[in-house]
Amino acid sequence: MTAEQIIFLIVGAVTLISGLMVVTVRNLIHAALWLVATLFGVAILYTLLNASFLAVVQVVVYIGAIAILFIFAVMLTRRQSAETGASVNTNWWMGALMAVLTFAGLAYLLQSWSGFSKQASAIPSGFDAINQLGDALTSPAGFVLPFEVASVLLLAALVGAVYLAFTKK
Amino acid sequence: MIPLSWYLILAAGLFSIGLFGVLARRNAVAILLSVELMLNAVNINLVAFWRYGDVSLMAGQVFASIVFSVAAAEVAVGLALVISVYRRRNTVVAEELDLLKW
Amino acid sequence: MNEWLYIGLFFIVGLIIPVGAIGVAWILGPKKPNPIKQSTYECGIEPVGEGWVQFKAQYYIFALVFLVFDVETVFLFPWAVKLGQLGMFAVVEGIVFILVLIAGLVYTWRKGMLEWV
Amino acid sequence: MNFWNDPLKVAADWLTGILVGWGMNDVFAHVLVVFVGIFVLILILMVIDILLVWIERKVVARFQDRIGPNRLGPFGLIQPFADIIKLLIKEDTTPDGADKVVYNLAPMLSMMSVLILWAVVPLAPVMLGVDLNTGLLFVIAAGSIGTLSIIMAGWSSNNKFSTIGAFRQVAMMISFEVPMLAVMLIPTIFAGSMGMNAIIQSQDIWFFWLSPLAALIFLIAAIAELGRSPFDLSEGESELVAGFNVEYSGMKFGMFYAGELLHAFTFGGFWGILFFGGYRFFGLEQVSPIFGILIILTKALIGYWVIMWVKYTMMRIRIDQMLAFNWKFLTPVAFALVMVTALMNALLRGADSWLYITGMFLSNVIVGWVSLEIVRSIGKKEREKVEGLKPIAEAHH
């Protein structure tokens, strides 16, 4: 077993366990903090995959912005006392069954696929992912349209969210 | 070296955990947290396919970036909905929002 | 990959030092808790209710605007890296991108959401 | 390769040689040496941090026409070390109802978020730390962890003051992150890279001369990120006692305090790196890396001094003023500057370097002047509106 594999196993285990904590802990702030741990684990996985730009963006966007937004929203919507009642609904076992079935189905589908245990090819020397990404996002033959549409999507989200949450009744 | 299968299984696991959260949690904010887990699982797959395929094709990374903005938009609108509902109905429990049941 | 190993080591050492400092302080310091000392500090007045009070909606608005700006600006970085080697088309593209961003800010401003009321 | 040209490599090779001589695995020895190197670097940073306490106290004393610490040692130099001993032997209290784990984790994360910034700081041409090609975003990412640690500290203390303080501080930090990200695009455009070293290497002329407005906006945003005066409204002694860290005592408070000082010093360093040439100073850094380290530390100290100067000269502003200043002035100006810089960069790319520099400088001046003019005219309109109401008010008397 190589060092890389050991790192992957540790990080993967931490990611999955904190993912489980997200969906099971009662306190929502704790859930948000466990989500941060999960997202950080995913960022480490990105570095293992040599996607360093996405790893840093993951931390900036998810931990720096989305997690903060979650915590703000929790603080805005809490009732006087701590959360009452169960954290899961009465049909939680159906959800669990669905999740297990989904995982089993996905695992079955994947292992019957020929490229399942593919090994990564070495990154060509002098390959600069950020430069390539910049090229892909700006060249007309690349992804200009998704790039611009993403900005329009976020504009729509901002307008919608502001309208939804804060128009006077 | 790590085979592709490890990443795919991990992503599948994370996706299933997120799915469980979406189906089982009562609190609307917790459901949104679980949706984030599912989106992240998808992103792991996208980046893994980029790495294990032809590295010079950036589609995987570009798609992952788009998923980032989609996730941001989803959180913004979703939480705004939760806050809006909370202000009108004074609850964030998804089960109690049953006006459209009949 | 290799460079991220160094960063990982930095994270570990960066955590060891504060943990060590706090640990040493914990060992050396006296431990004589009493109810008055452990109570929440509110300038000598008995705390009423819990500290986790509900918050102004305005904080959420700013976090929301920040989220949108953050995500979009981060994706301008690959554009900025590549800009020196690209023509006028890419510049215009980036400017359109920023203008869409500014439009969101203007909308929020016009709606009066940037006021702290 | 001798000691004078690359002291770090010589030391590392020497240490690796010893370890391998003991029969240690090659890779493991390398990792261990790197670990020791990072440990030493961080220890040096902590010593600098302790001295920063002394500098801060001495400088604030001078600003306020006092003497400052002068009893322990020459010029009171031993004073901060005495403070450390006091922090170490102080009782460490945890308030009732606090969330213990989160409460204890927050100061550690706060300190760590500052220390890891030094992973990407290039100290000299041969001592780059980690030359990450996403260096600038790494700085922002580390800042995100700092933001999170503040919200954790404020929330877990179960205290109204600290929660309000944390919310204010976080609202401020995230708000000013936007103009900071925007002006970070400008050195990226000039250098064609996000790596710290590439940015320094392409500064044959300081980026300050190419974009003085960006340097100014970066400084303002950095001060706000640090939560220092005039943006220290999360502390607000008169209203919130001490902000998010009211409940912290002993070394845990020390971690927040030391983290803040080192953060200010570090951002002084980043200011120097992004706009004032980093370790470069008229080719002196080529003579020996030792000069490079001295140069960058001097630049960081100058940046830190400017931040202190602002802190002890300006008054605290209100939260509404702070947010309005950021979202209605700083952010639009920063984005306008990015657009103008991108445009000018495309137009002047083929031109002579003197024309390029003059064009960039002038475009910055024009953007700054136009935005100030707009603000002035709006302010005038507002004032006329207010003054127009005055006769009515007087009629009532």
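Helix 4 of chain D covers residues 100–115 and has 16 residues. From first C-alpha to last, helix 4 of chain D reaches 24 Å, close to the 22 Å expected at 1.5 Å a residue. Please keep in mind that this is a predicted model.

**Helix 4 of chain D**

- Helix 4 of chain D has a bend of about 25° at Ala106(D), and the proline Pro107(D) follows within four residues.
- Ala106(D) and Pro107(D) are both buried.
- Among the buried residues are Val102(D), Tyr103(D), Leu109(D), Val114(D) and Leu115(D).
- Three methionines, Met108(D), Met111(D) and Met112(D), are also buried, and so are the serines Ser110(D) and Ser113(D).
- The cover over these buried residues includes helix 2, helix 5 (135–156) and helix 11 (250–275) of chain D.
- Other chains take part as well: the cover includes helix 2 (28–48) of chain A and helix 1 (2–28) of chain C.

**The two domains of chain D**

- Chain D is assigned domain 1 (1–89) and domain 2 (99–377).
- Taken over C-alpha atoms, the centres of domain 1 and domain 2 of chain D are 23 Å apart.
- Their contact involves 17 residues of domain 1 of chain D and 15 residues of domain 2 of chain D.
- On the domain 1 side, the elements giving two or more residues are helix 1 (7–21), helix 2 (26–63) and helix 3 (79–88) of chain D.
- Helix 2 of chain D provides the largest share of that side, 10 residues.
- By class, the domain 1 side has 13 nonpolar, one polar and three charged residues.

**Chain B against chain A**

- Chain B brings 58 residues to its contact with chain A, and chain A brings 74 residues.
- On the chain B side, two or more residues come from each of helix 1 (4–24), helix 2 (28–52) and helix 3 (59–89) of chain B.
- Helix 3 of chain B gives the most to this side, with 19 residues.
- The chain B side divides into 42 nonpolar, 11 polar and five charged residues.

**Chain B against chain C**

- Here six residues of chain B are in contact with six residues of chain C.
- The chain B side of this contact has four nonpolar and two polar residues, and no charged residues.

How values were computed: Residues are numbered from 1 along each chain as its sequence is written. Chains are lettered from A and ligands numbered from 1 in the order in which they are written. This is a predicted model: local features need pLDDT of at least 70, side-chain atom pairs count only at pLDDT 80 or more; totals for chains, interfaces and linings use all residues. Two residues are in contact if their C-beta atoms, placed from the backbone, lie within 7 Å. Ala, Val, Leu, Ile, Met, Phe, Trp, Tyr, Cys and Pro count as nonpolar, Asp, Glu, Lys and Arg as charged, and the others, Gly among them, as polar. Domain bounds come from an automatic or database domain assignment. The expected span of a helix is 1.5 Å times one less than its number of residues. The bend at a residue is the angle between axes fitted to the seven residues ending there and the seven starting there. A residue is buried if 20 or more other C-beta atoms lie within 10 Å of its own, exposed if 12 or fewer, and partly exposed in between; C-beta atoms are placed from the backbone.
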